[in-house]
Amino acid sequence: KYTLSVSGEETSVPILIRLAYATEWTVVKENPEEADWITLEPETGNPGTSCVVKLSENSGTGERTVMLLVKTGDIVLQKISVSQAKLAPTASLESESLVYDSEEGIYRLKVGTAASKYTVPIKLHHIDKWIATGWSAWAKFSPSEGKDNENLIIDIPENTTSSSRVSTIWIYDSDWTALLAAISIEQEGKK
């Protein structure tokens with residue numbers, strides 16, 4: 001038995017079929033009614049040729065698995081277990097005020113000393129709810145949870161001190177299992 005594990009994205013994987021003797025092979029799904037997310041091209045061939053396993057995107061709630069059978073006639077020569085992970089949840093924050101730092105993997109919001117308010121639309125991918133958290137005595141945000149395309153409002157009071165200050169807001173999926181985004185708020189001090 002062989003195992004093939006792939007990510008949740010749509011993908012194609014060629015499988016070279018080698019047989020000890022020259023005979024036509026067939027590849028079938030053990031339970032085809034449960035595996036409409038996978039196609040096989042071609043389903044038949046000769047030794048030394050490939051079958052391409054095509055998997056559609058897995059936007060479901062968990063990993064999915066199917067058993068492929070390599071056969072000649074009614075005889076099963078080999079079993080191949082194909083597992084596909086679910087797509088990882090992600091979020092994009094769509095605000096002109098934010099700058100994404102790809103090296104740090106964080107959104108940055110740099111502001112002056114004046115009080116200000118920012119609206120940040122949150123676009124979700126592969127999930128439908130988010131949770132925001134952060135610890136700050138000065139930067140406030142609301143709501144603490146939302147759905148796809150809902151806004152996070154960041155309220156920043158005036159900085160009356162000469163010191164700059166930093167606060168971070170983290171955005172997670174609703175199960176608290178995946179960090180979707182982080183916003184680092186950097187406010188200047190009075191000069």
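Before you start: residues are numbered from 1 along each chain as its sequence is written. Since this is a prediction, local features need pLDDT of at least 70 and side-chain atom pairs count only at pLDDT 80 or more, while totals for chains, interfaces and linings use all residues; side-chain values use heavy atoms, with hydrogens and water left out.

**Exercise 1. Work out the strand order of the open sheet of four strands, and find its edge strands.**

Step 1: Strands are DSSP runs of E with at least two residues, numbered from the N terminus, and two of them pair if DSSP finds at least two bridges between them.

Step 2: Follow the pairings. Strand 9 is joined to strand 12 (residues 116–125) by four bridges, with Thr-90 opposite His-125. Strand 12 is then joined to strand 16 (residues 150–156) by seven bridges, and here Val-120 faces Leu-152.

Step 3: Write down the order. It reads 9-12-16-14, with antiparallel pairing. Strand 9 (90–93) and strand 14 (140–142) each pair on one side only, and these are the edges.

**Exercise 2. Sort the residues of strand 12 by face, then trace Leu-152 into the largest nonpolar core.**

Step 1: On the covered face you'll find Ser-116, Tyr-118, Val-120, Ile-122 and Leu-124. The uncovered face has Lys-117, Thr-119, Pro-121, Lys-123 and His-125.

Step 2: Buried means under 20% relative accessible area, exposed over 50%, and partly exposed in between (1.4 Å probe, protein chains only).

Step 3: List some neighbours. Leaving out residues up to four places away in sequence, Leu-152 has contacts (heavy atoms within 4.5 Å) that include Tyr-118, Trp-130 and Phe-141.

**Exercise 3. Is Ser-184 buried or exposed?**

Step 1: Locate Ser-184: it lies in strand 18.

Step 2: Check the area. Ser-184 counts as buried because its relative accessible area is 5%.

Step 3: Look at its surroundings. Beyond four places in sequence, Ser-184 touches residues including Tyr-107, Leu-109 and Val-166. Its side chain also makes a polar contact with the side chain of Glu-186 (3.4 Å). Such a contact is a pair of N or O atoms within 3.5 Å; within protein, one must be able to donate a hydrogen and the other to accept it, and residues adjacent in sequence count only if both atoms are side-chain atoms.

Conventions: Core = buried A, V, L, I, M, F, W, Y, C linked by side-chain atoms within 4.5 Å.
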